[in-house]
Amino acid sequence: MNQANQSSNSNQAKPLAAIYVRVSTQDQAQHGFSLDAQEDTLQNYAKVLGYDLFRIYRDEGKSAKDMNRPEMQQMLKDAEAKKFSAIFIYKLDRFSRSIKDLILTIDQLKNWGIDFISLQDKIETTSASGKLMFHIISAFAEFERNIIGDRTKFGMERKAKEGGVVTKAPLGYRIVDKQLIINPDSIEKVRSLFKEFAENDISLAKLAQKNNLSPAGIKKVLMNTAYIGKTKWADVESQGTHQAIIEQELFDKVRSKLSS
């Protein structure tokens with residue numbers, strides 16, 4: 001019975017490990033970080049920790065300034081598909097020299113349930129101390145995402161206040177050098193929509209059908225303050241730098257009719 005149990009345990013599939021190695025010509029010349037040396041060391045380390053090898057991903061002669069490396073991208077795709085359980089690297093700078101890329105990528109691996117082991121840096125997620133390090137890295141990743149979000153929001157609000165283009169050009173305009181410019185091919189259509197709705201007893205549905213648009217699309221056009229020279233972002237409206245298409249009086253008349 002004991003022999004049968006031992007045989008069963010030995011036949012159980014081991015978790016699979018991906019090994020990532022990278023070296024630039026300069027690194028190899030200065031420090032001797034050859035791909036073969038990294039591979040041998042990591043294969044032995046993975047074996048000691050109880051992993052079978054899934055695949056070795058090799059980026060030879062590639063810089064770590066960003067994540068746009070062929071084997072790196074393939075490995076991340078395979079990680080998302082959960083083709084292996086852990087990634088082994090020799091040293092953090094083999095993975096990325098960008099702290100931001102490193103933090104955000106490791107955090108994404110955590111979301112996919114992929115363990116991350118860096119041999120020389122003593123970072124791994126299979127022990128209590130390793131999991132603690134992973135939580136710390138995740139906290140920094142969340143902080144980085146919040147910083148990026150704040151910067152984006154600030155930039156868009158600043159752009160709106162300065163009258164710049166925030167989203168795609170509405171009907172009647174086109175974008176030239178990041179500025180709204182009147183489009184002569186569609187300006188008259190916008191003006192006719194406003195005049196017809198304001199001066200006639202016609203519903204949004206009928207106006208939409210007549211112009212091959214949806215009622216929601218027509219309403220979006222008629223409510224767009226870009227036509228009176230405004231820009232809007234996050235409910236903050238500012239005076240734009242582009243030329244208005246619709247007079248204020250006509251716009252107010254249309255808005256009043258829509259409200260009623």
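At 25% relative accessibility, Tyr45 counts as partly exposed, where buried means under 20% relative accessible area, exposed over 50% and partly exposed in between, with a 1.4 Å probe and protein chains only. Phe88, by contrast, has a relative accessible area of 0% and is buried. The model is predicted, so local features need pLDDT of at least 70 and side-chain atom pairs count only at pLDDT 80 or more, while totals for chains, interfaces and linings use all residues. Residues are numbered from 1 along each chain as its sequence is written, and side-chain values use heavy atoms, with hydrogens and water left out.

The mean pLDDT of the chain is 79, and 74% of its residues reach 70 or more; pLDDT is the predictor's confidence in each residue, from 0 to 100. Over residues 6-10, pLDDT stays under 50, and the model has zero contacts beyond four places in sequence for these residues. Contact means heavy atoms within 4.5 Å. The chain has 11 helices and eight strands, taken as DSSP runs numbered from the N terminus (helices are H or I with at least four residues, strands are E with at least two). Of the 260 residues of the chain, 40% count as buried. The accessible surface comes to about 15600 Å², and 49% of this belongs to carbon and sulfur atoms; accessible areas come from the Shrake-Rupley method with a 1.4 Å probe, and for residues only the protein chains shown count as cover. Among contacts between residues at least 6 apart in sequence, 62% join residues at least 24 apart.

Aromatic pairs were counted between rings of Phe, Tyr and Trp (its six-membered ring) with centres within 6.5 Å; planes under 30 degrees apart count as stacked, over 60 as edge-to-face and the rest as tilted. By this rule the count comes to seven aromatic pairs. The ring centres of Tyr45 and Phe88 are 6.0 Å apart and the planes stand at 85 degrees, so this pair is edge-to-face. Because Tyr45 lies in helix α3 (residues 35-48) and Phe88 in strand β3 (residues 86-89), the pair ties together parts that are 43 residues apart in sequence. Phe88 also pairs with Tyr51: the ring centres are 5.2 Å apart and the planes are at 80 degrees, so this pair is edge-to-face. Tyr51 lies in the loop between α3 and β2 (52-60) and Phe88 in strand β3, so the pair ties together parts that are 37 residues apart in sequence. Both Tyr51 and Phe88 are buried.

Elsewhere in the chain, ring pairs link Tyr173, Phe194, Tyr227 and Phe251 into a cluster. A charge is taken to sit over a ring if NZ of Lys or CZ of Arg is within 6 Å of the ring centre and within 35 degrees of the ring normal. The charged end of Lys257 sits over the ring of Phe197, at 4.3 Å from its centre.

In helix α10 (residues 215-222), the buried residues are Ile218, Val221 and Leu222. They cover an arc of only 95 degrees around the axis, which puts them on the same side of α10; the arc is that of the directions from the helix axis to the C-beta atoms. The buried residues of α10 pack against α8 (187-199), α9 (204-210) and α11 (248-259). On the face turned away from the buried side, α10 carries the exposed residues Ala216 and Lys220.

Arg94 lies in helix α5 (residues 92-95) and is buried, with a relative accessible area of 1%. Arg94 and Tyr20 are 74 residues apart in sequence, with a C-alpha to C-alpha distance of 8.2 Å. Gln73, in helix α4 (residues 70-80), counts as partly exposed at 31% relative accessibility. Gln73 and Tyr57 are 16 residues apart in sequence and 9.8 Å apart in space, C-alpha to C-alpha. Leaving aside neighbours within four places in sequence, Gln73 is in contact with Met67 and Asn68.

Positive phi values occur at Lys82 and Asn212, as follows. Lys82, in the loop between α4 and β3, has a positive phi of about 60 degrees although it is not a glycine. Lys82 is exposed, with a relative accessible area of 52%. Asn212, in the loop between α9 and α10, is likewise not a glycine and has a positive phi of about 55 degrees. At 72% relative accessibility, Asn212 counts as exposed.
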